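Have the sequence and the 3D view ready.

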Amino acid sequence: MSTPENEMTSTHERTAAGTPKGPAGGPEGAAGRPKGPVGGPEGAAGTPKGPAGGPEGAAGTPKGPAGAPEDAAGRPEIPAGAPEDAAETPKSPAGVPEGAATSPPNDARDIHPRAHCAVDPDGRITFRLPPASTPHPQLLLRLRPQKGRPETTLHVLDLAPDPDRGDGRWHAVLEPHPVLDEGRWDVYLLPEPGAERRRLRPGLRDLRTLVDGHLRDRPSPVAVRIPYVTKDGFLALRAWRRTAHAEARAIGVEGRALTVTARLHGAELHEDATVRLRLRGTDTVRTLRPRADDDGKGFSFTAGPGDLTADGGGAGRIWDVFVRPAADAPPIRVARLLDDVADRKHVHVYPAIEADGSAFRPYYTVDNDLAIEVT
């Protein structure tokens with residue numbers, strides 16, 4: 001029976017009791033979140049309660065486990081930032097416009113200021129911060145380095161009095177250009193140039209313009225920035241920068257076959273276009289013929305058990321998905337980037353195809369790239 005895309009588990013399309021787990025045996029599966037206090041819900045990183053229910057003081061928020069980077073063999077571009085597992089997006093309280101994400105209420109003892117941010121249709125991000133006690137505060141964006149490497153990329157924005165408010169608040173605007181390098185960018189406040197930087201907590205995140213981002217064609221290079229909340233509760237940006245991009249849309253299971261519908265951005269399909277399934281860590285490639293739309297942008301393809309086991313391999317194997325728009329063009333990764341979901345791996349979970357004693361499950365990696373796992 002066919003499983004349409006709108007029946008997949010998604011925290012953005014329906015309210016779920018918990019975050020679904022990733023595919024069994026996946027190489028980058030994250031360790032489960034620790035349980036909270038006795039009687040508390042699983043996954044709640046709650047602060048232990050003091051007498052009479054009051055929160056017990058803590059020196060700071062404990063950091064979550066470091067995300068294990070996924071083997072990116074065969075990817076045309078490797079992000080500079082270290083990946084981390086998906087952070088659950090807090091639910092919006094009553095009265096907040098639909099599509100705007102919020103964070104928990106401010107704690108008077110929290111030394112980290114909160115920053116609101118909003119994204120406009122052109123990708124411009126506006127940050128708004130509380131009044132500052134210094135005359136020249138700045139906003140610092142730091143590209144998170146790979147493990148064991150020093151930080152090398154910083155981007156500084158000057159903060160200025162917010163022209164739309166008269167309450168002393170400050171604002172800064174991150175323009176669509178220059179394009180940020182691919183990776184995760186942590187956001188800091190510099191009270192003044194050269195001062196010690198302070199991490200920022202998230203306030204209201206208005207991401208409504210990102211929800212239908214897949215409906216707009218993107219030129220090359222394809223640049224995406226999504227504000228999100230890290231596992232330890234701070235504000236960050238997830239950025240992608242790719243010469244061209246194939247946006248995965250519908251993923252369906254029909255009998256013993258997997259069908260993927262996608263659309264190209266920054267490139268066009270030619271008559272000799274192919275879809276390539278590359279077995280991770282090897283030179284094995286399976287080539288499929290896509291069904292192209294008339295505009296040379298949209299396409300779909302179908303893969304069955306024979307396409308995923310032709311090398312004679314068994315369980316525990318992963319196929320990365322690419323499209324080559326022309327015979328002499330470089331392959332383009334199929335991924336899903338053009339909406340408001342910064343970490344998709346544990347948000348969109350698909351059923352498996354059972355065939356010939358194996359299971360084939362499509363899933364999104366920690367970089368939101370499409371892959372197929374054989375178990």
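Strands here are DSSP runs (E, at least two residues), numbered from the N terminus. β15 covers residues 274–279 and β19 covers residues 317–324; the two run antiparallel and are joined by six bridges. Strands count as paired if DSSP finds at least two bridges between them.

This is a predicted model, in which local features need pLDDT of at least 70 and side-chain atom pairs count only at pLDDT 80 or more, while totals for chains, interfaces and linings use all residues. Residues are numbered from 1 along each chain as its sequence is written, and side-chain values use heavy atoms, with hydrogens and water left out.

β15 also pairs with β16 (residues 285–288), again antiparallel, through four bridges. Here Val-275 stands opposite Leu-288. The two strands form a hairpin with five residues between them, and Gly-281 in the turn has a positive phi of about 85°.

In a regular strand, side chains alternate between the two faces of the sheet. In β15, Thr-274, Arg-276 and Arg-278 on one side are buried, and so are Val-275, Leu-277 and Leu-279 on the other. Buried means under 20% relative accessible area, exposed over 50% and partly exposed in between (1.4 Å probe, protein chains only).

Elsewhere, the largest nonpolar core has 34 residues, with Phe-127 and Leu-174 among those with the most contacts inside it. Such a core is a set of buried Ala, Val, Leu, Ile, Met, Phe, Trp, Tyr and Cys residues joined through side-chain atoms within 4.5 Å. Its largest share, five residues, comes from β12.
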